Amino acid sequence: MIRIQEVDFDLSAEIANLRKGDRQVGAVVSFLGTVRDMNAGSEVHSMTLEHYPGMTEKALEAIVAQAKARWDIRNTLIIHRVGPLKPEDQIVLVAVTSAHRAEAFAACEFMMDYLKTAAPFWKKEETADGGRWVDARVADDAAMARWKKT
């Protein structure tokens, strides 16, 4: 399941729904990303996330398909918010269910690394010095590169 939305989400309800009715689930791994109040040495007052409707969903569907092909996982969920956000707001939820934890951890980390580096989202932060677009960090690129080796 993939959702791009402006509205917030209930983490507990989303996880419960993801695993509901599947008795083979022995592990649920999730990542929750939130807006920080500092980045690159500046206070962040707000952030706006943009995307290309249609293109973004297709890109996320492709990464979920890759995760399912690589690991023995049961179900996945990606919720990514767009629009204006404030510090402490939830941005993204990536969750994976599987019979065993190792598969779920790997698939969740893989999907999150993809989201940080290659998904068609654009972030603009508002700081005391004005607005600035946020680029992927070198560390994010290195994290994604390791998946290409395996």
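R3 is partly exposed, with a relative accessible area of 24% (buried means under 20%, exposed over 50% and partly exposed in between, with a 1.4 Å probe and protein chains only). The side chain of R3 meets that of E14 in a salt bridge at 2.6 Å, N to O, a salt bridge being a side-chain nitrogen of Lys or Arg within 4 Å of a carboxyl oxygen of Asp or Glu. E14 is buried, at a relative accessible area of 12%. R3 belongs to strand β1 (residues 2-5) and E14 to helix α1 (residues 11-19), 11 residues apart; helices (H or I, at least four residues) and strands (E, at least two) are DSSP runs, numbered from the N terminus.

The model is predicted: local features need pLDDT of at least 70 and side-chain atom pairs count only at pLDDT 80 or more, while totals for chains, interfaces and linings use all residues. Residues are numbered from 1 along each chain as its sequence is written, and side-chain values use heavy atoms, with hydrogens and water left out.

Across the whole structure, the search finds 4 salt bridges. One of them joins the side chains of D8 and R81, at 3.5 Å, N to O. D8 lies in the loop between β1 and α1, and R81 in strand β5 (residues 73-81), so that the pair links distant parts of the chain, 73 residues apart. D8 is partly exposed, with a relative accessible area of 45%, whereas R81 is buried at 7%.

A further salt bridge is formed by the side chains of D22 and R74, at 3.0 Å, N to O. Because D22 lies in the loop between α1 and β2 (27-34) and R74 in strand β5, this pair ties together parts that are 52 residues apart in sequence. R74 is partly exposed, at 36% relative accessibility.
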